[in-house]
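Hi,

Here is the structure I promised to hand over. Have a look at it first, and then read on for what turned up.

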Amino acid sequence: MTLSQFLEIMNGDLANEWTHLSFYLYHASAVAGLHAHEYKEFFTEAAEGEMRHVQGFLDRLFGLNYTQPCQGPKAFAYVSRIEDILTLAIKLEEDVVTNYTQRLKQLDDLAISHPETAAYLKVFYEDQIKDSYEDAEHMRRLVA
Ligand SMILES: [Fe+2]
Ligand SMILES: [Fe+2]
C-alpha cells in the first residue's frame, strides 16, 4: 500500500462522510410524526458531528497534499418515519465501523513505508470508529 493509494481510499471515505452529513441534515427536516420535534434536534446534532468528520478528512487530505479532496455527497435514500430514518442511519454508522476497521489493517501495510503518518492516521480512524460505534449503539437502543 503506497501513500497515494491510501489517500484515494481516504478520499472515498470523505465522500461517505459528506453523504452522512447530508443524510442527517436532510432528515432533520424530513422527519415527521409525534416526536418529529425532538428528532429534528437529534438529527441536527448528528449532522453537526458529521460536519466535524468531513472537516477532519478534508484537513487530513489537504495536509497530506492530496490534490482535490471530494467536494460533496452521493445520493442517499429518503424516508420520513423516525424508525425508518434511524434504521438507515444505523446501517450508515455500522458500515463506517466495518470500513474503518479495514482501514486500520490497511494502515499496518502503509506503516512499512510511512510509519509516522500511518501511526497518526490510525489514531484518526480510531476516533472515527469510536464515534460511529457509539452512535450506532445509541440508535439501536432508540429503535429497540
Ligand atoms: Fe461520520
Ligand atoms: Fe456518523
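Helix 1 passes helix 2 in a left-handed crossing (left-handed if the near helix is turned anticlockwise from the far one by less than a right angle, right-handed if clockwise). Helices here are DSSP runs of H or I with at least four residues, numbered from the N terminus. By class, 16 nonpolar, 5 polar and 5 charged residues make up the contact of helix 1 with helix 2; Ala, Val, Leu, Ile, Met, Phe, Trp, Tyr, Cys and Pro count as nonpolar, Asp, Glu, Lys and Arg as charged, and the others, Gly among them, as polar.

A word on the source: this is a predicted model, where local features need pLDDT of at least 70, side-chain atom pairs count only at pLDDT 80 or more, and totals for chains, interfaces and linings use all residues. Residues are numbered from 1 along each chain as its sequence is written, while chains are lettered from A and ligands numbered from 1 in the order in which they are written.

Now find Q128, which sits in helix 4 (residues 115–143). Is Q128 buried or exposed? Q128 is buried, because 20 other C-beta atoms lie within 10 Å (buried takes 20 or more, exposed 12 or fewer, partly exposed in between, with C-beta atoms placed from the backbone). Leaving out residues up to four places away in sequence, Q128 touches H53, V96 and Y100; contact here puts C-beta atoms within 7 Å. Other buried residues of helix 4 include A118, L121 and Y125. The buried residues of helix 4 pack against helix 2 and helix 3 (82–110).

Enjoy exploring!

Technical notes
Helices (H or I, at least four residues) and strands (E, at least two) are DSSP runs, numbered from the N terminus. Two residues are in contact if their C-beta atoms, placed from the backbone, lie within 7 Å.
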